[in-house]
Amino acid sequence: MNIDLRSDTITKPSKGMLDAMMQAQVGDDVFREDPTMNELEVRVATMFGKEQALFFPSGTMANQTALKLHTNPGDQVICDKYAHIYNYESGGASFNSGVSCKLLDGNQGMFKAAQVLEAINPDAYYYSKTSLVEIENTTNKGGGACWDFSEIKKIRKVCDDNNLGLHLDGARLWNALVASNETAKQYGEMFDTISVCLSKGLGCPIGSLLIGDEAIMKNAIRIRKIFGGNMRQVGYLAAAGLYALDNNIERLAEDHKKAKEIGVELRKLSMVKIVEPIETNIVIFELNKGENENNFVQKLADKNIKIIGMGGGKLRMVTHLDYTDTMHQKLIAVLRSF
Ligand SMILES: Cc1ncc(COP(=O)(O)O)c(C=O)c1O
């Protein structure tokens, strides 16, 4: 039995999902004539109480499009030092949109409204213009942490008072919704644009959506085209997305439970210095000084269990749809044997 806990993106479509894909009605989406894609986009926009949603091949492209929609070259975006848009999108913010990022020193990838206020540049010609605040929920590098919704409301107020856009990288927002009992509509009310992913946690092979009202979204399809992201018979992918929305959201609670159980076992190990708080499906932990991370990864690999190092002495495990109860029992037993 091989166990892969490197990421929740390693899942393969289930039989149910593949059947749904095979039965999809399709058309040319560049002509906006793919009925299944049209259905998915309307469904996701409605879920969030927004006017439009647009499908993207990746979360990166959806985020990069959002940056482009909200900014002009030379502008500045306020985000956390752990933000995916800053760390893991290949410098796209500067390459695609010509913007810089003002990094906030948050906690587990989350910051406070007061920090945002302080980071806004004065309105003088020699400063770059602050035009956007970006939040990630759940935070990836922050260990799947969920934002306090009341802080988001405060940040919305700062954005309103200072004429700033507010974008949510909600690649794993589904996990946050399940963990917190908040609703997609509440998030729709707070943000100007939201990106969500279908290929993390929800088990789809491909797919993200950017969501917003018409005024901001009207140029999104043009930017998607410029980025090379307009596709043809995408209904096969939309069918996977519709299947995932129907079948794979509530079950994320199981991934969260397993992640917490892994955390309990890791905390018992003498070589583990700290396990970061676990709220959703990501477990980040650090080994004691003198312990070698690569050895730990190898010890698990010897038992056919894959995890990854994140650098800086941190290791990561992510639970997901294809991580079964049997695999979980095996991992727990292996950890107990260490
Ligand atoms: C928080 C977050 N945002 C965006 C992305 C980008 O998604 P993709 O890999 O589909 O480009 C990821 C990918 O892991 C992510 O974790």
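Predicted model: local features only at pLDDT ≥ 70, side-chain atom pairs only at ≥ 80, totals over all residues.
Local features were considered at pLDDT of at least 70 and side-chain atom pairs only at pLDDT 80 or more, whereas totals for chains, interfaces and linings use all residues. Residues are numbered from 1 along each chain as its sequence is written, and side-chain values use heavy atoms, with hydrogens and water left out.

Helices (H or I, at least four residues) and strands (E, at least two) are DSSP runs numbered from the N terminus. Strands are taken as paired if DSSP finds at least two bridges between them. Strand 2 runs antiparallel to strand 8 (residues 208-212), to which 5 bridges join it. Within this pair, phenylalanine 55 has leucine 209 of strand 8 as its bridge partner.

Another open sheet has 4 strands in the order 9-10-13-12, and its pairing is antiparallel. Strand 9 (272-275) and strand 12 are at the edges with a single partner strand each, so one side of each is left without a neighbour in the sheet. Direction ignored, neighbouring strands here are turned by 35 degrees against each other on average. Strand 12 (residues 308-311) and strand 13 (residues 314-318) are antiparallel and joined by 3 bridges. Isoleucine 308 has arginine 316 as its bridge partner in strand 13, and glycine 309 stands opposite leucine 315. The hairpin of these strands has 2 residues between them, and glycine 312 takes a positive phi near 60 degrees there. Helix 14 (residues 293-301) lies across strand 10 (282-287) and strand 13, at about 30 degrees to strand 13.

A nonpolar core is a set of buried Ala, Val, Leu, Ile, Met, Phe, Trp, Tyr and Cys residues joined through side-chain atoms within 4.5 Å. Buried means under 20% relative accessible area, exposed over 50%, and partly exposed in between (1.4 Å probe, protein chains only). The largest core has 54 residues, of which Leu40, Phe48, Ile155, Trp174 and Tyr187 touch the most other members. Helix 12 (residues 235-247) supplies the largest share of this core, 6 residues. A second, separate core of 24 residues includes Ile262, Leu266, Leu300 and Tyr323. Beyond four places in sequence, the contacts (heavy atoms within 4.5 Å) of isoleucine 155 include Phe111, Val133, Trp147 and Leu166.

Helix 3 (residues 59-70) is mostly covered, with 10 of its 12 residues buried. Glycine 188 is in helix 9 (residues 184-190) and counts as buried at 5% relative accessibility. Outside four places in sequence, glycine 188 touches Phe48, Lys50 and Ile194.

With a disulfide defined as a pair of cysteine sulfur atoms within 2.5 Å, the count is 0. The sulfur of cysteine 101 is 4.1 Å from that of cysteine 79, the closest cysteine sulfur, which is too far for a bond. Cysteine 204 is likewise in no disulfide, the nearest cysteine sulfur, in cysteine 197, being 10 Å away. Cysteine 204 counts as buried at 3% relative accessibility.

Methods:
Axes fitted to C-alpha atoms, helices over the stretch in contact; angles between N-to-C directions.
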